[in-house]
Amino acid sequence: MTTRTTVPGPDLSVELSLVAAQLALASPGVPGRTERTGRPLLVAGMDEVGRGALAGPVSVGVVVVALPDAGPQPAVRDSKVLSAKRREALVPEILAWGAAAAVGHAEPGEIDRYGISAALALAGRRAWHRVAADLGRIPDALVLDGRDNWLPRSPLQASVGLAPGPGSVHLQVKADATCATVAAASILAKVERDGLMTGLAEAFPDYGWEGNKGYGAAVHRQAILDRGPSPYHRMSWNLGLSPGHEATPVWSARPEQGREQRVQQGEWTA
């Protein structure tokens with residue numbers, strides 16, 4: 001008889017450790033801390049979707065919880081292991097649980113202009129700005145999936161007026177599988193982006209976006225060859241087109257420099 005091992009789902013252990021660290025650093029003379037105001041600390045989780053797609057936006061979700069008592073946690077998981085139906089069912093639970101939540105996007109033209117890393121950061125900054133505006137304050141800490149803090153790469157000219165970042169950014173490998181806020185953010189981002197691509201599929205039915213969501217499925221790549229790219233394709237990416245059918249990407253005007261070198265570093269400080 002085979003024994004099935006139950007893998008524990010994401011929880012708030014990492015987020016609570018950040019609260020403990022914040023409180024340990026807090027001074028009685030520093031205003032706005034829990035000891036002085038009774039106000040909970042706000043910890044956010046952030047995750048992205050659409051980085052590797054050929055078409056559509058890159059999207060970043062963020063979910064903020066008030067700790068130490070965030071209330072009953074939804075049964076979130078990494079969005080990739082959930083069915084579309086289950087992800088959609090979790091959205092209202094996540095929105096009710098979080099102190100604030102948002103999804104930000106960077107469009108294909110912005111990906112072409114700035115490069116994927118900077119566009120990803122721009123989408124994250126837009127989501128962060130929305131939750132900061134809804135809360136009326138900047139969250140105290142952020143958990144970001146992976147080993148790379150890509151948020152400071154937001155292009156300066158596109159980031160004017162966006163909210164500053166938190167005092168603490170914690171990088172966590174596989175955070176979408178272990179941190180509840182990040183798992184929740186991944187679900188929100190996935191559901192919203194999937195909905196956008198399904199809507200675009202009605203106007204551009206040849207590419208199969210209702211199924212592949214803009215990623216490089218065979219039917220999608222063949223449609224690009226047969227029909228050419230749409231206005232929602234990332235023209236700076238390898239779409240498999242012959243040289244005569246390729247549009248000149250914005251960043252190729254100066255071939256002596258790499259596109260990442262031309263991205264100005266945006267502000268991401270508290």
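In the predicted model, aspartate 78 is buried, with a relative accessible area of 11%. The side chain of this residue meets that of lysine 80 in a salt bridge, with a separation of 3.1 Å from N to O, although lysine 80 is itself exposed, its relative accessible area being 64%.

By the rule applied here, the count of salt bridges comes to nine. In one of them, arginine 137 is joined to aspartate 140, and the closest N and O atoms lie 2.9 Å apart. Arginine 137 counts as buried at 16% relative accessibility, and aspartate 140 is likewise buried, with a relative accessible area of 15%. A further salt bridge, at 3.3 Å from N to O, brings together the side chains of arginine 51 and glutamate 48; here arginine 51 is partly exposed, with a relative accessible area of 37%, and glutamate 48 is partly exposed as well, with a value of 22%. In general, side chains of opposite charge can pair when their charged atoms come close.

These pairs belong to a protein chain whose secondary structure comprises nine helices and five strands, arranged from the N terminus in the order α-α-β-β-α-β-α-α-β-β-α-α-α-α. Of the 270 residues in the chain, 47% are buried, while the chain exposes about 13,000 Å², of which carbon and sulfur atoms supply 55%. Among contacts between residues at least 6 apart in sequence, 75% join residues at least 24 apart.

Definitions and conventions:
Residues are numbered from 1 along each chain as its sequence is written. This is a predicted model: local features need pLDDT of at least 70, side-chain atom pairs count only at pLDDT 80 or more; totals for chains, interfaces and linings use all residues. Side-chain values use heavy atoms; hydrogens and water are left out. Helices (H or I, at least four residues) and strands (E, at least two) are DSSP runs, numbered from the N terminus. Buried means under 20% relative accessible area, exposed over 50%, partly exposed in between (1.4 Å probe, protein chains only). Contact means heavy atoms within 4.5 Å. Accessible areas come from the Shrake-Rupley method with a 1.4 Å probe; for residues, only the protein chains shown count as cover. A salt bridge is a side-chain nitrogen of Lys or Arg within 4 Å of a carboxyl oxygen of Asp or Glu.
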